Amino acid sequence: MTVRTLAELAALVGGEVSGDGSLAIIGVAPLEEAGPGQVSFFANKRYRAAFEATKAGAVLVGKDLEVAAGRTVVRSDNPYLAFAKLATHFYPAARAVPGISPQAAIDPTASIDPGAQVGPFVTVGARTTVGPRTILGPGVRLGDDVRVGADCILYSNVVVREGCLVGDRVILQPGVVIGGDGFGFATDLIGEGNGPRHFKIPQAGIAAIEDDVEIGANSCVDRAALGVTRVGRGTKIDNLVQIGHGAELGALCIVAAGAGIAGSTRLGLGVVVWGQAGVAGHLEVGDRANISAQSGVMHDLDPGARVAGTPAVHERTWARGQAALERFNDMRRQLIELKRKVAMLEGQPEKEKE
Amino acid sequence: MTVRTLAELAALVGGEVSGDGSLAIIGVAPLEEAGPGQVSFFANKRYRAAFEATKAGAVLVGKDLEVAAGRTVVRSDNPYLAFAKLATHFYPAARAVPGISPQAAIDPTASIDPGAQVGPFVTVGARTTVGPRTILGPGVRLGDDVRVGADCILYSNVVVREGCLVGDRVILQPGVVIGGDGFGFATDLIGEGNGPRHFKIPQAGIAAIEDDVEIGANSCVDRAALGVTRVGRGTKIDNLVQIGHGAELGALCIVAAGAGIAGSTRLGLGVVVWGQAGVAGHLEVGDRANISAQSGVMHDLDPGARVAGTPAVHERTWARGQAALERFNDMRRQLIELKRKVAMLEGQPEKEKE
Amino acid sequence: MTVRTLAELAALVGGEVSGDGSLAIIGVAPLEEAGPGQVSFFANKRYRAAFEATKAGAVLVGKDLEVAAGRTVVRSDNPYLAFAKLATHFYPAARAVPGISPQAAIDPTASIDPGAQVGPFVTVGARTTVGPRTILGPGVRLGDDVRVGADCILYSNVVVREGCLVGDRVILQPGVVIGGDGFGFATDLIGEGNGPRHFKIPQAGIAAIEDDVEIGANSCVDRAALGVTRVGRGTKIDNLVQIGHGAELGALCIVAAGAGIAGSTRLGLGVVVWGQAGVAGHLEVGDRANISAQSGVMHDLDPGARVAGTPAVHERTWARGQAALERFNDMRRQLIELKRKVAMLEGQPEKEKE
């Protein structure tokens with residue numbers, strides 16, 4: 001068990017203690033569950049009541065928060081980030097235990113750094129390289145000519161097909177598939193004796209996952225037909241996400257669970273795609289665009305655009321449309337009443353019964 | 001081949017034979033395909049014609065159904081349930097063949113019940129326990145400190161990461177991932193020399209799958225950041241479903257394929273989530289709420305609520321909105337006509353064109 | 001490196017060279033990236049500018065395209081198909097290297113063609129057969145009584161459960177699951193001492209994947225409760241797609257990423273289902289129907305129907321509905337103005353303030 005004084009922890013996160021810096025801290029916890037030996041955080045006003053009631057020994061808060069007397073806090077500009085850093089201190093990332101399982105199947109031409117950890121039943125293809133301190137969990141499959149950098153974690157049953165690239169400090173959750181064939185077919189109405197067919201376009205490109213990317217369980221990044229499908233530096237992708245062939249995601253994007261980015265689409269820097277949203281193929285999405293959950297983007301988006309709905313429109317337009325639907329029936333009643341009045345004014349009672 | 005008399009089968013399901021109880025039955029089949037040696041069922045009036053025409057030796061029906069003379073039936077309160085029980089009689093669940101494949105990789109500190117079946121290329125981590133009669137299919141990955149109960153089936157390539165809990169009689173279809181990291185990052189606009197970054201929040205909690213749960217192929221249940229992601233007793237989850245970190249599903253929920261429950265959301269007892277629906281994070285969904293296919297829930301739901309649409313609203317409100325859209329153009333024509341008439345009445349012919 | 005003259009390549013695709021047929025060609029590339037030794041294609045007018053600017057040695061074009069003097073082209077009826085064929089020439093499909101890895105676990109009663117390639121850590125069940133020239137990548141799991149035909153590629157970690165059938169020339173991308181249990185439960189409100197439960201309907205049928213099908217990474221085709229879930233000849237399915245139990249897809253369908261076809265639904269010939277769309281259960285979808293991205297089909301569709309929205313309606317109806325929403329607020333203003341005018345005409349100034 002790690003024990004630290006509050007002052008030590010505050011120093012770690014660049015925060016300032018208000019209260020007893022000598023307090024012994026053994027971990028972090030949510031406001032509701034924290035005890036006197038734990039640090040919690042308060043970053044969202046919605047949880048003010050929980051903050052007031054918490055039994056946490058100390059709470060990470062913003063610089064200017066007003067706090068009741070006797071409450072020990074650590075002040076910093078970004079208390080959520082401070083919490084993330086403290087949590088990392090108490091729950092550090094897994095570290096490679098160097099060595100290759102005797103039950104792995106490694107091609108003799110592969111090059112695995114002696115500091116890497118390779119689990120049982122892993123397969124590593126010809127000419128593939130694995131960097132220092134990288135962990136390959138049980139059942140990971142690296143094809144031929146794959147490059148995996150340093151300090152990565154590829155969890156159980158991750159598949160990286162031939163030729164694909166994985167940078168440094170990349171985390172791939174279980175079941176991720178990098179470099180599956182893109183979905184490309186030319187319709188051949190004549191065929192060669194067996195009638196029409198969908199003729200497969202070879203998917204001869206690769207997928208490249210840049211440094212500091214994380215990809216969630218069972219998500220898929222397809223290889224390009226020609227060229228590269230790219231997931232930019234520091235981008236984070238949740239579970240069950242589809243990235244189509246030839247797509248390019250800029251740095252620092254966020255893609256939530258169940259979303260899909262179709263082929264050849266380019267996302268700029270810091271684009272946020274919420275859960276179950278879809279972006280059609282061959283589009284350009286500008287930097288920092290924000291795509292609401294379940295929306296369907298069918299047109300290019302300007303930098304900073306905030307869209308919702310299918311087809312996705314500006315968030316405000318979408319909200320107006322939703323409000324309109326709710327007011328519609330009221331409006332319909334007004335229209336019927338007006339028709340009646342106008343007919344009266346015209347001297348001919350309305351007959352048509354809508 | 002199992003052969004039973006109809007009377008024996010009726011007893012199994014607590015039903016009452018009307019007709020020849022000595023009939024020899026060798027299996028179950030749908031109404032359209034059943035022959036004289038097979039039992040079928042009729043539970044949905046929509047299939048009345050198929051019921052009339054069936055060649056089944058006997059049909060499981062409700063208590064009060066009127067039936068043509070000469071038709072052999074087994075009456076019970078819940079004929080679909082009766083069918084399920086009979087089908088289970090003819091197609092019993094797989095049974096463990098006790099033993100551990102010599103090609104599995106079991107940590108010496110793991111404890112596997114001698115009645116369990118462990119397939120080839122399975123990996124079992126340190127201190128992990130596996131209960132009696134549980135089947136671990138080929139390529140299953142259990143991390144360290146995992147507990148799997150009795151009478152479970154974990155099909156091929158299922159992954160249960162470190163520390164996670166699986167109850168008794170749990171079925172995990174192929175490719176299920178339990179305990180992948182939740183999706184949590186603190187945005188750090190300053191970083192440490194390489195510009196902004198998404199700083200990973202350690203996901204130090206676990207996922208717990210309670211007794212009698214079934215989870216479909218390639219579905220994912222993320223581990224909590226702190227604490228537990230919980231899937232309640234008897235809940236059934238279909239394929240390609242996402243359960244976010246810290247979510248809690250009550251007992252006896254149904255979650256259909258492609259749906260997603262975001263982090264920290266709580267579903268009550270018996271909630272039904274239809275295909276491709278999404279529930280946003282940090283919500284409370286009351287007992288027995290019903291969430292339509294493809295809908296997007298963005299607010300708490302009362303017990304028994306029935307919602308549809310994105311954002312999800314009461315089913316009736318949604319249906320009205322849909323109807324409104326269909327009637328809109330008609331309404332628009334009426335409005336134009338009214339404007340013309342009013343202008344006439346005012347003595348100033350309408351100029352503005354729509 | 002393969003080198004061919006342009007004339008040789010034109011002959012391969014049944015095209016006609018306009019320009020220098022003796023040109024040496026070493027590969028294919030997109031218009032923007034191609035150099036003098038490469039062939040590109042121009043099939044979509046949208047890319048006219050790229051066509052004019054390309055440095056490609058030759059371009060595959062349609063029969064009647066007008067082309068600037070000096071531009072070398074190969075004319076054919078279907079330049080995209082011609083491109084697919086040329087690309088296949090330069091990037092041929094993987095070929096089996098016959099043999100069974102000593103690290104595979106093959107049941108002694110299985111029958112694997114000597115021309116097949118079986119990777120490390122593959123498991124093959126009892127009585128299962130694998131045809132000539134088929135490749136089973138590392139970690140593939142074939143259950144008992146499975147049949148896989150000739151010339152297939154099953155990539156890493158594909159699972160085909162017991163009894164299921166895979167035809168010839170089938171491609172299954174990594175992580176595909178064939179024959180997971182369908183999602184079927186009978187609600188038992190009484191139970192047997194532990195309260196209500198969802199009673200599992202045994203899933204005793206199979207899934208059958210016909211010849212020339214391709215299925216994308218981590219997609220799932222469930223086995224039927226009784227009978228067969230069928231994916232018809234030449235159908236192509238993208239990543240993360242769900243095919244429910246008892247569904248039947250006709251020949252030559254296209255199902256894009258994230259889509260779901262619920263149980264017992266039948267798609268005709270050549271149906272196209274775009275990304276993240278859903279089709280409810282027990283429906284009939286006619287030949288060549290076209291289902292837009294993210295739409296939700298809740299009713300049978302006629303052959304050739306083109307639908308969008310949730311619930312899905314005819315594309316034109318849907319587009320009108322979308323347009324209506326946009327015009328709604330304008331209409332609402334008109335209605336308020338009309339009410340004011342009518343009140344004036346009636347001699348009673350409008351009081352009600354909407």
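A crossing is left-handed if the near helix is turned anticlockwise from the far one by less than a right angle, and right-handed if clockwise. H4(A) passes H4(B) in a left-handed crossing. This is a predicted model, in which local features need pLDDT of at least 70, side-chain atom pairs count only at pLDDT 80 or more, and totals for chains, interfaces and linings use all residues. Residues are numbered from 1 along each chain as its sequence is written, while chains are lettered from A and ligands numbered from 1 in the order in which they are written.

**Helix packing, chains A and B**

- Helix H4 of chain A and helix H4 of chain B, each spanning residues 315–346, pack at an angle of about 30 degrees with their axes 9 Å apart (helices are DSSP runs of H or I, at least four residues, numbered from the N terminus; axes are lines fitted to C-alpha atoms over the stretch in contact, and angles run from 0 to 180 degrees between N-to-C directions).
- H4(A) and H4(B) are therefore roughly parallel to each other (angles under 35 degrees).
- Residues in this contact include A:Leu325, A:Phe328 and A:Arg332 of H4(A), and B:Ala324, B:Met331 and B:Gln334 of H4(B) (C-beta atoms, placed from the backbone, within 7 Å).

**Interface of chains B and C**

- Chain B and chain C contribute 47 residues each to their contact.
- On the side of chain B that touches chain C, H4(B) gives the most, with 10 residues.

**Interface of chains C and A**

- Chain C places 47 residues in contact with 47 residues of chain A.
- H4(C) supplies the largest share of the side of chain C that touches chain A, nine residues.

Note on methods. Helices (H or I, at least four residues) and strands (E, at least two) are DSSP runs, numbered from the N terminus. Angles under 35 degrees count as roughly parallel, over 145 as roughly antiparallel, 65 to 115 as roughly perpendicular and the rest as oblique. Two residues are in contact if their C-beta atoms, placed from the backbone, lie within 7 Å.
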